Amino acid sequence: MLGIIGAMDVEVNAIKQKLTHKTETKIAGTNFVCGFIEDVMLCVAQCSPGKVNSALCTQAMIDNFDIDKIINVGVGCSLSEDVVIKNVVIATDVCQYDIDITALGEPLGFINGLNTIKVKTDKELSDKLARTAINCGEKIHRGTIASGDTFIADDNLKIKIASHFGAICGEMEGGAIGHTCAANHIPFAVLRSISDGGNEQAQLDYPTFKKIAAEISTAILIEFIKSEKQQFALF
């Protein structure tokens with residue numbers, strides 16, 4: 001089963017509405033809606049913003065449903081001059097920029113347990129999403145997506161994250177979802193459509209563009225699901 005996780009209703013509602021033969025289960029305050037799109041079985045959840053919320057949701061999804069891969073879908077901010085509003089970023093890897101145990105001698109962002117800073121996404125799954133986005137006519141970028149429990153709306157923070165981690169997109173969930181998936185050996189991918197520039201204009205741009213950006217990422221995901229059905233039909 002394919003798991004789909006988004007932080008906000010605008011990121012997952014359109015997918016939920018397309019599900020047929022739906023069942024709904026509430027676990028740890030999160031509603032998990034399972035059903036079919038194009039004969040592909042999905043479990044869809046809105047985790048709410050933030051790393052703890054998204055990690056809780058991911059673990060509950062893995063523990064309670066027959067999940068073989070997870071896609072985190074939604075909006076994010078640009079951390080690169082090359083990445084502009086309404087562009088699409090598909091992560092090659094994810095990191096958590098606000099893990100800081102440098103006082104104990106570890107590098108910024110180091111994840112104890114996984115013993116790494118960046119967690120690689122599943123290449124096959126990410127490549128399929130990238131091809132789907134290109135076929136949808138979207139401008140895509142591949143690179144590091146950085147997560148933290150802060151809405152990035154400050155040039156200094158943006159520059160710090162981009163320079164230290166080489167990240168091209170910032171948000172609040174993908175790193176924690178990737179962390180949880182890696183700990184459970186579940187392939188995952190992160191897809192973001194850009195809603196703002198992560199700078200002082202973000203508070204104005206985000207409300208204006210978040211719905212448009214979410215619609216872009218949702219449209220790509222639905223086309224991806226259709227392609228999964230076609231692949232299943234070959235076997």
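Strand β6 is largely enclosed by the rest of the structure, because eight of its nine residues are buried. Buried means under 20% relative accessible area, with exposed over 50% and partly exposed in between (1.4 Å probe, protein chains only). The model is predicted: local features need pLDDT of at least 70, side-chain atom pairs count only at pLDDT 80 or more, and totals for chains, interfaces and linings use all residues. Residues are numbered from 1 along each chain as its sequence is written, and side-chain values use heavy atoms, leaving out hydrogens and water.

**Partners of β6**

- Two strands pair if DSSP finds at least two bridges between them.
- β6 pairs with strand β8 (residues 140-147) in the parallel sense, over eight bridges.
- C95 stands opposite A146 in β8.
- Strand β10 (residues 188-196) pairs with β6 in the antiparallel sense, over three bridges.
- V88 has S193 in β10 as its bridge partner.
- β6 also runs antiparallel to strand β7 (residues 119-120), and two bridges join them.
- Opposite D93 stands K120 in β7.
- In a regular strand, side chains alternate between the two faces of the sheet.

- N87 lies in the loop between β5 (69-78) and β6 (88-96).
- N87 counts as buried because its relative accessibility is 9%.
- Contact means heavy atoms within 4.5 Å.
- Leaving aside neighbours within four places in sequence, N87 is in contact with D82, K139, H141, R192, S193 and I194.

**The whole chain**

- The protein chain has six helices and ten strands. These are DSSP runs, numbered from the N terminus: helices are H or I with at least four residues, strands are E with at least two.
- The radius of gyration is 17 Å, close to the 18 Å that the globule rule gives for 235 residues, so the chain is as compact as a globular protein of that length. The radius is taken over C-alpha atoms, and the rule is 2.2 Å times the number of residues to the power 0.38.
- The C-alpha trace spans about 50 × 35 × 35 Å along its principal axes.
- Of the 235 residues, 53% count as buried.
- Among contacts with a separation of 6 or more, 76% come from residues 24 or more positions apart.

**Surface and charge**

- The accessible surface comes to about 10400 Å², and 51% of it belongs to carbon and sulfur atoms. Areas come from the Shrake-Rupley method with a 1.4 Å probe; for residues, only the protein chains shown count as cover.
- The chain has 21 positive and 29 negative side chains. Lys and Arg count as positive and Asp and Glu as negative, while His and the chain ends are not counted.

How values were computed. Charge placed at Lys NZ, Arg CZ, Asp CG, Glu CD.
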